[in-house]
Amino acid sequence: MTLITNEKNEMIPTRIVTGWRICMDYRKLNEATRKDHYRVPFIDQMLDRLARQKYHYFLDGYSGYNQIVIAPEDQEKTTFTCLYGTYAFKIMSFGLCNSLATFQRCMIAIFYDMVEDFVEIFIDDFSVFGDSFDRCLENLDKVLARLISS
């Protein structure tokens with residue numbers, strides 16, 4: 001938000017557009033899509049496990065969805081048209097009914113040997129923990145190394 005002065009010299013909070021975001025209506029595609037019922041953890045169970053830990057470090061997997069490639073044969077299903085042409089997503093988009101399950105499955109596959117031992121993953125949030133500060137930092141180092149190598 002930015003304050004702009006109007007003709008009466010009043011300060012008006014204004015949102016300056018610095019970029020564009022695409023909002024897709026995938027209702028028809030989601031209706032026709034076979035649902036992936038991959039288990040997403042219950043947040044209350046995950047928080048109960050975390051509450052028993054002394055030290056925590058939280059990571060936000062910001063843009064994590066944007067790292068998952070859509071199979072080339074499925075990209076045409078995400079086609080959209082705008083003033084500038086016709087496009088299709090090459091990476092997973094928000095709004096697709098199986099995005100959450102796909103991302104969760106991917107994260108569990110990457111961190112299969114760490115989950116519930118010293119990391120919890122809920123959608124795109126990572127909670128790294130340990131019983132001491134040094135152990136928590138060691139665990140964080142392991143998680144970051146795995147992210148870099150993936």
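Q: Which residues does S99 touch, not counting residues up to four places away in sequence?
A: S99 touches Y65, M92 and S93, where contact means heavy atoms within 4.5 Å. The model is a predicted one, in which local features need pLDDT of at least 70 and side-chain atom pairs count only at pLDDT 80 or more, while totals for chains, interfaces and linings use all residues. Residues are numbered from 1 along each chain as its sequence is written, and side-chain values use heavy atoms, with hydrogens and water left out.

Q: Why is S99 called buried?
A: Buried means under 20% relative accessible area, exposed over 50%, and partly exposed in between, with a 1.4 Å probe and protein chains only. S99 has a relative accessible area of 3%, so S99 is buried. This residue is located in helix 3; helices (H or I, at least four residues) and strands (E, at least two) are DSSP runs, numbered from the N terminus.

Q: Why does Y112 count as exposed?
A: The relative accessibility of Y112 is 61%, and therefore Y112 counts as exposed. Y112 is found in the loop between helix 3 and strand 6.

Q: What makes Y55 and F133 an edge-to-face aromatic pair?
A: By the rule applied here, the count comes to 4 aromatic pairs. Rings of Phe, Tyr and Trp (its six-membered ring) pair if their centres lie within 6.5 Å; planes under 30 degrees apart count as stacked, over 60 as edge-to-face and the rest as tilted. Y55 and F133 stand at 6.1 Å centre to centre with 70° between the planes, so the pair is edge-to-face. Y55 in strand 3 (residues 55-60) and F133 in helix 4 (residues 133-149) are 78 residues apart, and the pair links distant parts of the chain.

Q: What does the pair of F111 and F126 tie together?
A: F111 and F126 form an edge-to-face aromatic pair, at 5.6 Å centre to centre and 70° between the planes. F111 lies in the loop between helix 3 (99-110) and strand 6, whereas F126 lies in strand 7, so the pair ties together parts that are 15 residues apart in sequence. Both F111 and F126 are buried.

Q: How do you know that strand 6 and strand 7 pair?
A: Two strands pair if DSSP finds at least two bridges between them. Because 4 bridges join strand 6 to strand 7 (residues 125-130), the two strands pair, and they run antiparallel. I121 has F126 as its bridge partner in strand 7, and E120 stands opposite S127. The two strands form a hairpin with 2 residues between them, and I123 in the turn has a positive phi of about 60°.

Q: Why is one side of strand 3 and of strand 6 left without a neighbour in the sheet?
A: An open sheet is formed by 3 strands in the order 3-7-6, with antiparallel pairing. Strand 3 and strand 6 stand at the edges, each with a single partner strand, so one side of each has no neighbour in the sheet.
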